[in-house]
Amino acid sequence: MKRNKKIKLFYANLSDDFKVQADAVGEKMLREYGAFFVAGNGAISPDKVVFENEREVAEWQKLVKSSKATIAGFKIELQTAAMKALRKAIKEAEQNNLTITPRGTDAARRSYAETVELWASRVNPALLHWVEKGRLTESQAEKIRFLSPFEQVPEIFKLEAKGIFFSKDLSKSIIYSVAPPGTSQHLSMLALDVQEDDNTEVREILARHNWFQTVISDLPHFTYLGIAEIELESLGLKKVIDAGRDFWIPDL
Ligand SMILES: [Zn+2]
């Protein structure tokens with residue numbers, strides 16, 4: 001009973017126009033990446049779990065308010081509310097002789113094409129590997145290569161259910177390595193990959209400014225939720241401790 005109530009809590013906090021995708025991909029993406037769909041206080045999240053193509057992403061990105069900045073030499077773009085909070089966090093870090101540095105020019109906003117490229121950088125080598133190991137036939141691999149990135153996602157998940165994994169080290173799901181095309185929080189301009197992610201104090205400062213870790217195993221990745229930590233549970237999120245860190249994920 002308690003569990004059902006919690007499931008309702010997360011769903012109840014999704015925006016009214018949110019379109020739940022009732023299939024394996026939609027369910028998995030909501031569970032693993034979905035924390036940002038309950039972001040608030042000026043943070044806007046998409047109304048569905050997967051953008052299908054470049055046009056959808058570009059149109060959505062045009063609609064939300066964003067700000068550009070050069071931080072430690074890296075040009076990044078975030079939603080305005082997220083950028084404001086980041087600047088405050090950076091200031092607090094400086095006062096403590098710490099830095100918060102983007103991991104590169106693609107540390108914040110990304111285009112659909114960039115997420116497709118990252119996806120392919122995992123899928124293609126893994127296909128070669130599994131054919132070599134005899135777990136896939138060449139024609140099975142070829143069929144996957146011919147699909148659009150959007151169509152590849154459910155096929156990759158089906159293989160992973162059989163232990164044929166596509167993460168960089170081939171030991172776990174690809175989703176802990178790169179986001180399926182169209183699902184990255186970076187498309188929403190609410191995510192930032194940070195160089196100092198292994199510094200506990202830096203993580204605490206970011207959390208005080210409503211930037212949290214929300215994707216287990218994606219260690220440099222932080223998400224702007226716009227909500228104080230103390231309120232996250234009331235939105236249907238739960239804290240999971242993994243690799244000695246706090247992650248906030250949907251309680252589903
Ligand atoms: Zn990231």
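Predicted model: local features only at pLDDT ≥ 70, side-chain atom pairs only at ≥ 80, totals over all residues.
Local features were considered at pLDDT of at least 70 and side-chain atom pairs only at pLDDT 80 or more, whereas totals for chains, interfaces and linings use all residues. Residues are numbered from 1 along each chain as its sequence is written, and side-chain values rest on heavy atoms, with hydrogens and water left out.

The zinc ion is coordinated by His 186 through NE2, Asp 193 through OD and His 221 through ND1, at 2.0 to 2.1 Å. Donors are defined as N, O and S atoms within 2.8 Å of the metal (3.2 Å for Na, K and Ca); water is not among the atoms, so sites may look incomplete. Along the sequence, the donor residues follow the spacing H-x6-D-x27-H. Asp 193 belongs to strand 3 (residues 191-193) and His 221 to strand 5 (residues 221-224), so the pair ties together parts that are 28 residues apart in sequence. Helices (H or I, at least four residues) and strands (E, at least two) are DSSP runs, numbered from the N terminus. Asp 193 is buried at 11% relative accessibility, and His 221 is buried at 4%; buried denotes under 20% relative accessible area, exposed over 50%, and partly exposed the range in between (1.4 Å probe, protein chains only).

Helix 5 (residues 112-132) packs with helix 7 (residues 149-160) at an angle of about 40 degrees, the axes being 11 Å apart. The angle makes helix 5 oblique to helix 7. Axes are lines fitted to C-alpha atoms, for helices over the stretch in contact, and angles run from 0 to 180 degrees between N-to-C directions. Angles under 35 degrees count as roughly parallel, over 145 as roughly antiparallel, 65 to 115 as roughly perpendicular and the rest as oblique. At this contact, Tyr 112, Val 116, Trp 119 and Val 123 of helix 5 meet Pro 149, Phe 150, Gln 152, Val 153 and Ile 156 of helix 7, contact meaning heavy atoms within 4.5 Å. Eight of the residues in the contact of helix 5 with helix 7 are nonpolar, one is polar and none is charged. In this classification, Ala, Val, Leu, Ile, Met, Phe, Trp, Tyr, Cys and Pro count as nonpolar, Asp, Glu, Lys and Arg as charged, and the others, Gly among them, as polar.

Ala 179 is situated in the loop between helix 7 and strand 3 and is buried, with a relative accessible area of 17%. Beyond residues up to four places away in sequence, Ala 179 touches Tyr 33, Trp 119 and Ser 184. The C-alpha atoms of Ala 179 and Trp 130 are 20 Å apart in space, and the two residues are 49 residues apart in sequence.

Gly 236 occupies the loop between helix 9 (229-232) and strand 6 (237-242) and is buried at 2% relative accessibility. Leaving aside residues up to four places away in sequence, Gly 236 touches Leu 9, Phe 10, Asn 13, Ile 249, Pro 250 and Asp 251. Glu 56, placed in helix 3 (residues 54-63), is likewise buried, at 18% relative accessible area.

Positive phi values occur in two residues other than glycine, Asn 41 and Ala 72. For Asn 41, phi is near 50 degrees; this residue lies in the loop between helix 2 (24-33) and helix 3 and is exposed, with a relative accessible area of 62%. Ala 72, with phi of about 50 degrees, lies in the loop between strand 1 (66-71) and strand 2 (74-79) and is exposed at 55%.
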